[in-house]
Amino acid sequence: MGKEKEIETQKSNWFTGLKAEFRKIIWPTKEQLAKETTAVVIASVILGLVIAMLDFFIQYGVEFLVNL
């Protein structure tokens, strides 16, 4: 019986600690969130284009070398 109470106390302490940590979080404003999301989308698109260009040039470079 004592073990069950100890486990219940641990769970209670864990949730209390979790609640305290959530109070420390500084949530971004809508403007910050929009700017950061836009930056991530733009960076992803640019990186995708760079990878696509590299793939294109490597593909045709290998085809060129194979056809020699």
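**A salt bridge, aromatic pairs and a nonpolar patch**

Lys24 forms a salt bridge with Glu21, and their closest N and O atoms are 3.2 Å apart. The model is a predicted one, and this is the one salt bridge that the structure holds. Side chains of opposite charge can pair when their charged atoms come close. Both partners, Lys24 and Glu21, belong to helix H1, which covers residues 2–24. They are three residues apart in that helix, about one turn. Lys24 has a relative accessible area of 57%, so this residue counts as exposed, the cut-off being over 50%.

The wider chain gives the setting. Its secondary structure consists of two helices and zero strands. Of its 68 residues, 0% count as buried. The accessible surface of the chain is about 6,800 Å², and 70% of that belongs to carbon and sulfur atoms.

Aromatic side chains come next. The structure holds three aromatic pairs. In one of them, the ring centres of Trp14 and Phe15 are 5.0 Å apart and the planes stand at 80°, so the pair is edge-to-face. A pair of aromatic rings is described by the distance of the centres and the angle of the planes. Trp14 and Phe15 are both exposed. Elsewhere in the chain, one aromatic cluster is made up of Phe56, Phe57 and Tyr60.

Which residues form a nonpolar patch on the surface? The patch consists of Ile42, Ile46, Val50, Leu54, Ile58, Val62 and Val66. Together these residues have about 650 Å² of accessible area. One of them, Leu54, lies in helix H2, which covers residues 30–66.

To go back over the main points, the salt bridge joins Lys24 to Glu21 within helix H1, Trp14 and Phe15 make an edge-to-face pair, and the nonpolar patch includes Leu54 of helix H2.

Terms used: Residues numbered from 1 in each chain as written. Heavy atoms only, no water. Phe/Tyr/Trp six-rings, centres within 6.5 Å; stacked < 30°, edge-to-face > 60°. Buried < 20%, exposed > 50% of the residue type's maximum accessible area, 1.4 Å probe, protein only. Patch = residues over 30% accessible without salt bridge, like charges linked within 9 Å, V, L, I, M, F, W, Y side chains within 5 Å. Areas by Shrake-Rupley, 256 points an atom, 1.4 Å probe, with all protein chains shown as cover. Salt bridge = Lys/Arg side-chain N within 4 Å of Asp/Glu carboxyl O. Helix = DSSP H or I, 4+ residues; strand = E, 2+ residues; numbered from the N terminus.
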